[in-house]
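Student: I am new to this structure and would like a close look at a single part of it. Could you take me through the disulfide and its surroundings?

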Amino acid sequence: MKKALFYFILVAFVGCKESESKEKWEQLFNGKDLTGWTVKIAGYPVGENFGNTFYVEDSILKVNYEAYGDDFKDRFGHLSTDKIYSHYKLRIEYRFVGEQAPGGAGWAYRNSGAMLHSQDPQTMALDQDFPVSVEAQMLGGDGKHERTTGNVCTPGTEVHIGGQQYNGHCAESTSKTYHGDQWVCLEMIVLGDSIVHHIMEGDTIMTYTNLSIGGGNVSPQPNLPLGPLKEGRIALQSESHPVEFRKVELLDLSEKSNVKKH
């Protein structure tokens, strides 16, 4: 009984807080279906939701791989908003569940992410693995080892961390580790190409600046113009481990920043 009570308290603590009544948060996920979103899975045409990878059940957006058989085959997928965003706050509540799909890479264990300023899926190559974007990476612990979440990864992009250009692919945040199937809340403040903050439990765990298109870590490399990355879609990943999302909401900051809406 004590163990169960502790788990309930922990889940309630790390979950997303309710939006302030004066703030006009937009619910990107309607709790019913995938309206407003477009699927792109590597190896399949835009809009083909192979194996019902992304689906809605009990008001929760779920990612599953039941149709993938005994080999994931690097069929990385992304569920992208149809709208373009530039200046905003983004709040996502997620959890990892179940077992990783057979054939999934070791690094993809309990791994997903929110792709910020993400490439239009209509411009992605048929077999392109990841959209050009800046990823707010979501990672779950294995019950034993420390593993930060809310990291930043740079598929086809470049950022500055601590005033210096970051030359790696994924930079670790200062978050704690979240083990098990608990719900976790990740918040992001995104201000065009100037600065992004990742926040968990009220603490800023990652900050980076100077977002731009360039660099590698995308295959095949798309032919996109280099330069500042000021806007784009928001995409959620399928990388071989089942993940669930019960909150995906956005507070548009473009009016406060005098940025034209799309």
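**The disulfide and its surroundings**

Tutor: Let's begin with the pair itself: C153 and C170 form a disulfide, with their sulfur atoms 2.0 Å apart. A search of the whole structure finds one disulfide, so this is the pair to look for, given that a disulfide is a pair of cysteine sulfur atoms within 2.5 Å. Please keep in mind that you are looking at a predicted model. The mean pLDDT of the protein chain is 91, and 90% of the residues reach 70 or more. Over residues 1-14, though, the pLDDT is below 50. Where pLDDT is low, the predicted coordinates should not be read in detail.

Back to the two cysteines. The torsion about the S-S bond of C153 and C170 is about 115°, so the disulfide is right-handed. The pair links distant parts of the chain, 17 residues apart: C153 belongs to strand β9 (residues 151-153), and C170 to strand β12. The two ends also fall into separate classes of accessibility. C153 is buried, with a relative accessible area of 0%, whereas C170 is partly exposed, with a relative accessible area of 32%.

Now widen the view to the sheet. Seven strands form an open sheet, in the order β2-β5-β17-β7-β8-β9-β12, and the pairing is antiparallel. The edges are β2 (37-41) and β12 (170-171); each has a single partner strand, so one side of each is left without a neighbour in the sheet. In the strand order, β9 stands between β8 and β12. As one example to find on the model, S112 has M138 in β8 as its bridge partner.

The side chains of E201 and K176 meet in a salt bridge (3.3 Å, N to O). K176 lies in the loop between β12 and β13 (184-191), and E201 in the loop between β14 (195-200) and β15 (203-213), so the pair ties together parts that are 25 residues apart in sequence. Both residues count as partly exposed: E201 at 32% relative accessibility and K176 at 41%. Side chains of opposite charge can pair when their charged atoms come close. The count for the structure comes to 10 salt bridges.

Terms used. Residues are numbered from 1 along each chain as its sequence is written. This is a predicted model: local features need pLDDT of at least 70, side-chain atom pairs count only at pLDDT 80 or more; totals for chains, interfaces and linings use all residues. Side-chain values use heavy atoms; hydrogens and water are left out. pLDDT is the predictor's confidence in each residue, from 0 to 100. Contact means heavy atoms within 4.5 Å. Two strands pair if DSSP finds at least two bridges between them. Helices (H or I, at least four residues) and strands (E, at least two) are DSSP runs, numbered from the N terminus. Buried means under 20% relative accessible area, exposed over 50%, partly exposed in between (1.4 Å probe, protein chains only). A salt bridge is a side-chain nitrogen of Lys or Arg within 4 Å of a carboxyl oxygen of Asp or Glu.
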